[in-house]
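Please look over the sequence and the fold shown here before reading on.

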Amino acid sequence: MGSILGWLVFLYMYGHVHDKQINLLMEQKLKIRDLENEKAIWQKDYEKFNEETKKKLIIEEIKIHFTNEKKLMLNEFTKFNLREAIKKDINSLIKLDVETVSKNNQLIIKTIENKVITIEGQKYQMKVEQLHLFTRLDLYLKVELLN
């Protein structure tokens, strides 16, 4: 009698767990199908966007040059950290069309000039001397030491 009751409890528990797993599997299949449909929609939109942007020139690269690096005797580590700090703020310009970036060039300049960068206890601020805009954004910056 005990073994029969044990088997019945086992079959009930196994069936219950198996039923939960089937329900979870079905939910996951539905979610996967929905996500694949969403992905297909996004891919179509992305392809349309790519076709439109192919017609326009876009920013592909950002180059930063320091005009007074020799005067200040900046080491490579400092120059690297300054470049990375500036790129971190303006990296969103990559893949934007040149026309949009050129309309917002004053905002870009203000963003760079208002940032104070601290490296090894020394504070630096940049002044934009030149900004060349084509498929590559070239920034010529003057580094200023702050007290």
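The model is predicted, and every value below is computed from it. Helix α3 covers residues 76-90, and part of the helix is covered by other elements, among them β1 (61-66) and β4 (136-146). Charged side chains meet in 6 salt bridges, while the count of aromatic pairs comes to 2.

- Helix α3 has 15 residues, and the distance from its first C-alpha to its last is 21 Å, which is close to the 21 Å expected at 1.5 Å a residue.
- The buried residues of α3 are Thr-78, Lys-79, Leu-82, Ala-85, Ile-86 and Ile-90. Because these buried residues fall within an arc of 130 degrees when α3 is seen down its axis, they line one face of the helix.
- On the other side of α3, Glu-76 and Lys-88 are exposed.
- The cover over the buried residues of α3 includes the helices α2 (69-72) and α5 (105-113), and it also includes the strands β1 (61-66), β2 (116-119), β3 (122-133) and β4 (136-146).

**Ile-86, a buried residue of α3**

- Ile-86 is found in helix α3, and with a relative accessible area of 3% it is buried, since buried means under 20%.
- Leaving aside residues up to four places away in sequence, Ile-86 touches Ile-64, Phe-66, Ile-112, Ile-117, Met-126 and Leu-141.
- Ile-86 and Lys-142 stand 56 residues apart in sequence, and from C-alpha to C-alpha they are 13 Å apart in space.

**Asp-138, a buried residue of β4**

- Asp-138 has its place in strand β4, and at 8% relative accessibility it counts as buried.
- The side chain of Asp-138 is joined to the side chain of His-65 by a polar contact of 3.4 Å, and it also makes a polar contact of 3.0 Å with the side chain of Arg-136.
- The side chains of Arg-136 and Asp-138 also meet in a salt bridge, at 3.0 Å from N to O. In this pair Arg-136 counts as partly exposed, at 36% relative accessibility, whereas Asp-138 is buried.
- When residues up to four places away in sequence are not counted, Asp-138 touches Lys-63, His-65, Gln-130, Leu-131 and His-132.

**Other salt bridges**

- Glu-76 and Lys-79 meet through their side chains in a salt bridge of 2.8 Å, N to O. Being 3 residues apart in helix α3, these two residues are separated by about one helical turn.
- Glu-76 is exposed, with a relative accessible area of 56%, whereas Lys-79 counts as buried at 7% relative accessibility.
- Glu-76 and Lys-79 are also linked with Glu-69 in a network of salt bridges.
- The side chains of Lys-63 and Glu-61 meet in a salt bridge of 3.8 Å, N to O. Lys-63 counts as partly exposed at 33% relative accessibility, and Glu-61 likewise counts as partly exposed, at 36%.

**Aromatic residues in helix α1**

- The count of aromatic pairs comes to 2. Trp-7 and Phe-10 form an edge-to-face pair, with 5.6 Å from centre to centre and 90 degrees between the planes.
- Trp-7 and Phe-10 both lie in helix α1 (residues 2-54), where they are 3 residues apart, about one turn of the helix.
- Trp-7 is exposed, with a relative accessible area of 55%, while Phe-10 counts as partly exposed at 45% relative accessibility.
- The rings of Phe-10 and Tyr-14 have centres 6.1 Å apart and planes at 20 degrees, so this pair is stacked.
- Phe-10 and Tyr-14 both lie in helix α1 and are 4 residues apart, about one turn of the helix.
- Together, Trp-7, Phe-10 and Tyr-14 form one aromatic cluster.

Conventions: Residues numbered from 1 in each chain as written. Predicted model: local features only at pLDDT ≥ 70, side-chain atom pairs only at ≥ 80, totals over all residues. Heavy atoms only, no water. Expected span 1.5 Å × (residues − 1). Buried < 20%, exposed > 50% of the residue type's maximum accessible area, 1.4 Å probe, protein only. Arc of directions from axis to C-beta. Contact = heavy atoms within 4.5 Å. Polar contact = N/O pair within 3.5 Å; in protein donor to acceptor, adjacent residues only side chain to side chain. Salt bridge = Lys/Arg side-chain N within 4 Å of Asp/Glu carboxyl O. Phe/Tyr/Trp six-rings, centres within 6.5 Å; stacked < 30°, edge-to-face > 60°.
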